[in-house]
Amino acid sequence: MMSGNYTSIDNQKVSGSVPSVPDPGLSGKFSDSNLQTFPPPNAHGKISGGSHPPRDADDTFSKPSSGSDEPQQSGWLRTFTIAAYKPYFDIDTTDVLERIKDSLFPFRGTFSEKTAGNPDLYGPFWICTTLIFVAASIGTFVTYIAHKLQKKEWDYDINLVTWSAGVFYGYVTIVPLGLYVILKYFSAPSGLVQLFCLYGYSLFIFIPALCLSIIPLEIFRWVIAGVAGFMSASFVALNLRAHIMSAGERWFLIVASIFLLQLALSVVLKLYLFTVTV
């Protein structure tokens with residue numbers, strides 16, 4: 001009896017004499033804007049739930065980031081920075097192969113339209129580099145076989161590498177620069193990188209042509225050089241024709257000059273690379 005009364009009295013004292021005090025430090029609302037979900041709903045890249053496979057290159061170094069610590073140059077000084085050339089190397093293997101395939105069908109004339117928004121320098125650089133090594137190796141091999149068949153002494157010509165590098169790198173650089181100035185003079189300016197891209201891919205046809213020059217038939221080598229030169233010249237001329245037509249009545253002379261200059265390149269390659277002298 002006594003213990004029950006004390007218990008009820010204590011409960012009344014505890015419940016009635018201790019009021020609840022709100023804690024201002026714990027009150028508040030959680031904002032949904034500070035919460036993040038993982039994975040993000042629009043995830044892209046190699047960790048994504050999409051049905052398409054990821055692109056074959058990691059674009060960490062090819063796309064500028066807003067929080068980058070690299071100094072941002074402006075004006076003509078930006079030309080001497082790596083960031084100025086990153087967009088022209090941001091291309092997938094699939095895109096390069098597609099553009100190479102377009103160069104093998106020169107009469108379509110749609111290459112410039114397809115690459116207008118994203119011209120690249122990656123493909124032209126590797127095409128020229130591959131041409132240099134293919135020209136040097138094929139020329140050396142063919143010359144070696146020709147000397148051995150006639151039982152003559154053979155010496156390796158290192159000038160074949162330097163000559164090939166000068167021809168291909170020089171042609172794909174100087175000719176687009178000259179054409180850029182000419183088109184600007186005739187009030188039909190074209191993008192310089194677009195011209196580099198067009199001329200670089202136009203040289204791809206000479207890679208299989210050089211490989212076929214192993215066949216020891218002079219008339220066959222002339223045919224191969226002629227077909228390769230005609231296809232390369234047609235590819236460049238037809239892709240620039242629609243743009244150059246805005247230059248006025250002289251557009252035909254400009255297109256014809258572009259065609260003949262590209263054709264002259266094939267003649268030079270035939271005389272110095274497709275011809276074997278013992």
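Modeller: A word to start with: a residue is buried when its relative accessible area is under 20%, exposed when it is over 50%, and partly exposed in between, using a 1.4 Å probe and protein chains only. By that rule, buried residues make up 31% of the 278 residues in this chain. This is a predicted model, so local features need a pLDDT of at least 70 and side-chain atom pairs count only at pLDDT 80 or more, while totals for chains, interfaces and linings use all residues. Residues are numbered from 1 along each chain as its sequence is written, and side-chain values use heavy atoms, with hydrogens and water left out.

Biologist: What makes up the fold, in helices and strands?

Modeller: There are 9 helices and 0 strands. Helices (H or I, at least four residues) and strands (E, at least two) are DSSP runs, numbered from the N terminus. Read along the sequence, the pattern is α-α-α-α-α-α-α-α-α.

Biologist: How much of the contact comes from residues 24 or more positions apart?

Modeller: Such pairs account for 76% of the contacts in the chain with a separation of 6 or more. Contact here means heavy atoms within 4.5 Å.

Biologist: Why does Asp-120 count as buried?

Modeller: Its relative accessibility is 0%. The cut-off for buried is under 20%, so Asp-120 qualifies. You'll find Asp-120 in the loop between helix H3 (111–115) and helix H4 (122–149).

Biologist: What does the side chain of Asp-120 reach at 2.8 Å?

Modeller: That's the backbone nitrogen of Gly-123. The Asp-120 side chain also reaches the backbone nitrogen of Tyr-122, at 3.4 Å. Leaving aside neighbours within four places in sequence, Asp-120 is in contact with Tyr-88, Ile-91, Arg-99, Cys-197 and Tyr-201.

Biologist: How do you know that the side chains of Thr-115 and Gln-194 make a polar contact?

Modeller: They come to 3.0 Å. A polar contact is a pair of N or O atoms within 3.5 Å; within protein, one must be able to donate a hydrogen and the other to accept it, and residues adjacent in sequence count only if both atoms are side-chain atoms. Thr-115 lies in helix H3, and at 1% relative accessibility it counts as buried. Not counting residues up to four places away in sequence, Thr-115 touches Arg-99 and Gln-194.

Biologist: Why are Leu-104 and Ile-182 called partly exposed?

Modeller: Leu-104 has 31% relative accessibility and Ile-182 has 40%. Those values fall between the two cut-offs, so both residues land in the partly exposed class. Leu-104 lies in the loop between helix H2 (93–103) and H3. Not counting residues up to four places away in sequence, Leu-104 touches Phe-204, Ile-205 and Met-231. Ile-182 belongs to helix H5 (residues 159–185), and its C-alpha atom is 8.9 Å from that of Ile-254, 72 residues apart along the chain.

Biologist: What makes a space in here a cavity, and how many are there of 30 Å³ or more?

Modeller: On a 1 Å grid over the protein atoms alone, a cavity is a set of points where a 1.4 Å probe fits but cannot get out; lining residues have an atom within 4 Å of a point.

Biologist: Which residues line the largest cavity?

Modeller: There are 10, with Ile-138, Gly-139, Ser-213, Leu-273 and Phe-274 nearest its centre. H4 gives the most to that lining, with 4 residues. The lining divides into 7 nonpolar, 2 polar and 1 charged. Ala, Val, Leu, Ile, Met, Phe, Trp, Tyr, Cys and Pro count as nonpolar, Asp, Glu, Lys and Arg as charged, and the others, Gly among them, as polar.

Biologist: Where does UniProt place the feature "transmembrane region"?

Modeller: The unreviewed UniProt entry lists residues 121–146, 166–183, 195–216, 222–240 and 252–273. In the model, the span 166–183 is 100% helix and 0% strand, with its end C-alpha atoms 25 Å apart. Residues 195–216 are 68% helix and 0% strand, and there the end C-alpha atoms are 36 Å apart.

Technical notes
1 Å grid on protein atoms, 1.4 Å probe; cavity = no way out; pocket = protein on both sides within 12 Å on 5 of 7 lines; lining within 4 Å. UniProt positions renumbered as here; feature names shortened; annotations may be inferred.
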